[in-house]
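Colleague: Before I use these coordinates, I would like to go through the helix packing and the domains. Please show the model.

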Amino acid sequence: MRSAEITAGPAETRQLSLSFLRPSRSAIIGTLAVLAFLVLWQIAPTMGWVNGRFTSRPTEVFFAAIDIFRNDNFLYHARISLTEFVAGFALAIVVSIPLGVLLGTSKIARYLIDPPLMALYIAPTLVLLPIMVIWLGIDMAPKIAVVFLGAVFPIVLNTMAGMSEADPRFLRMARSFGATRFDIFTRVLVPGSLPALLTGLRLAVGRAVLGVIVGELFVSQAGIGYQLNLYGSAMRIDRLLVYALIVSAFGYTLTVMVRSVENKVRDWRSK
Amino acid sequence: MAQIEIRDLGIDYRKPKSNEVFSAVDSVALSVEKGEFVTIVGSSGCGKSTLLMAVAGLVSLTRGSIEIDGKRVDGPGPDRAVVFQEASLLPWRSVRGNVKFGLEMQRWSGGDLNERAMQMIRLVGLGRFSDYHPHQLSGGMRQRVNIARALAVDPEVLLMDEPFGALDAQTREIMGTELLRIWERAKKTALFVTHDIDEAIFLADKIVVMGRNPGHIKEVIKVDLPRPRNEAILDSEEFHELRKRLRAHLAEDMSSMQLVQEVA
């Protein structure tokens, strides 16, 4: 009886998986759909279904991509956008995590700052872009500010929620063992709110990417958004699409990376 | 002198919205000898958990006093450890990490801490599972971890708040036997809250029967069943007698509850 209870065993067993050799049904269907779309896109202008001047073709986009990577000063523009992104995002992290912790652990701070914070979170921070330009000029600074403003609120709010919604049963357990406030903070609140913090980071990535691009579209002298604007007004759909793809691939990759950490961290709270 | 001495204990709560004062426990007096296994049984709302939490130092007293080894309780202390009902294991820590928690709070460190934690994990029969996380364990295994965590800090008094309440009947019985085995080796004074009559008798040297409105002690029953005990005693004559007595108590409580509902 007793041994049966013990060997009832873990819910999941860890074993080496070779499943990547046999793609799942969803992967097959997804790939086929993309291929079908590309073929359709390629032949549509030739068949006269659409005007090729407005839609371009996959092959044209492909050659435009090669061209851009070779002689479009791509690295220069990418570096500028990336710098704006990293600077704004880093600034957001530095400010938002301590602020989120403060708001999550102090009710008074929460009552004080929660309403304006919510208002700023819900309002698209891009509405502040013209002001940022007036204050900070047309260089990198206003874009960094917009990235910061876009990224800061999701991180603050999620960190705050993670902290303040700690399971009261854990707090009571910790107190029963004589935990000090500091012990509770470091050993219960911080690890407990990590998944929420990561959710905040993931949401912030999307908003930060948006901030860089729109900031540069609005007013700039260089950067990916600047190039988008340039090729947009020149009707170079093929090049426009290359830059659009680069932006979305960047945001997507970053989001997937954060999500994979998030899932790992969330694993142990599944039940 | 008794190890735990509870005198004229009263605990009032203020209801959050109405500001009405509600008495959870009143006029409770109880003494528990060193090494004794005491179960506290009663229907829900009789204040049995509140009483236990008061001994743990997690609830403040309105009247009366609780002393342990002559020392007044005014908060949690290293002389007591609590086994909670469920979901009190930190999900991000492994079995070993969870068992270490109490030791860390008492500033154990390094090798001693690891050694002590592993020793306790083996005591509750989870040696092979020390690196598993709570969500990978069954309910019974989680409660073993919970017990190991409490025993690790080597308390004088072990306080258990319906630790098997969330388990199915079968696992519950196994865990009861397990708990007795561990208790007989660790020789701790134990206070065990339950609403399960069989569990209350099976484990106890002494059963405290509580009633409601406000929570008070109705009777304290000595249990003289021989130890070590196993499932066989569930069918003994004495066990049946005790069960009948406890049933009568709880039935009385239920009928008074219905009366209150009818009047209201």
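Modeller: A crossing is left-handed if the near helix is turned anticlockwise from the far one by less than a right angle, and right-handed if clockwise. This is a predicted model, in which local features need pLDDT of at least 70 and side-chain atom pairs count only at pLDDT 80 or more, while totals for chains, interfaces and linings use all residues. Residues are numbered from 1 along each chain as its sequence is written, and chains are lettered from A and ligands numbered from 1 in the order in which they are written.

Colleague: In which hand does α2(B) pass α4(B)?

Modeller: Helices (H or I, at least four residues) and strands (E, at least two) are DSSP runs, numbered from the N terminus. Helix α2 (residues 95-105) of chain B packs against helix α4 (residues 139-152) of chain B at about 30°, with axes 7 Å apart; axes are lines fitted to C-alpha atoms, for helices over the stretch in contact, and angles run from 0 to 180 degrees between N-to-C directions. That makes α2(B) roughly parallel to α4(B), where under 35 degrees counts as roughly parallel, over 145 as roughly antiparallel, 65 to 115 as roughly perpendicular and the rest as oblique. The crossing of α2(B) with α4(B) is right-handed.

Colleague: How do the residues of the contact of α2(B) with α4(B) divide?

Modeller: Contact requires C-beta atoms, placed from the backbone, within 7 Å. Among the residues that meet this are B:Val95 and B:Phe101 of α2(B), and B:Val145 and B:Arg149 of α4(B). Ala, Val, Leu, Ile, Met, Phe, Trp, Tyr, Cys and Pro count as nonpolar, Asp, Glu, Lys and Arg as charged, and the others, Gly among them, as polar. The division is 7 nonpolar, 2 polar and 1 charged.

Colleague: How are α11(A) and α12(A) oriented to each other?

Modeller: Helix α11 (residues 224-233) and helix α12 (residues 237-267), both of chain A, have axes 9 Å apart. Their crossing is left-handed. The packing angle is about 155°, so α11(A) and α12(A) are roughly antiparallel.

Colleague: And how are α6(A) and α8(A) oriented to each other?

Modeller: In α6(A), A:Leu117, A:Leu120 and A:Tyr121 meet A:Phe153, A:Val156 and A:Leu157 of α8(A). By class, that contact has 6 nonpolar, no polar and no charged residues. The angle between α6(A) and α8(A) is about 135°, and the two helices are therefore oblique.

Colleague: Which element gives the largest share of the side of domain 1 of chain B that touches domain 2 of chain B?

Modeller: Chain B has domain 1 (4-79 + 155-263) and domain 2 (80-154), with bounds from an automatic or database domain assignment. Here 24 residues of domain 1 are in contact with 19 residues of domain 2. Elements giving two or more residues to the domain 1 side are α1 (48-56), β7 (157-161) and α5 (169-186) of chain B. The largest share, 6 residues, comes from α5(B).

Colleague: Which element of chain B has the lowest confidence?

Modeller: Chain B averages a pLDDT of 88, pLDDT being the predictor's confidence in each residue, from 0 to 100. Strand β3 (residues 37-41) of chain B is highest, at 95. Where pLDDT is low, the predicted coordinates should not be read in detail. The lowest mean, 78, belongs to helix α7 (residues 237-263) of chain B.

How values were computed: Contact = placed C-beta atoms within 7 Å.
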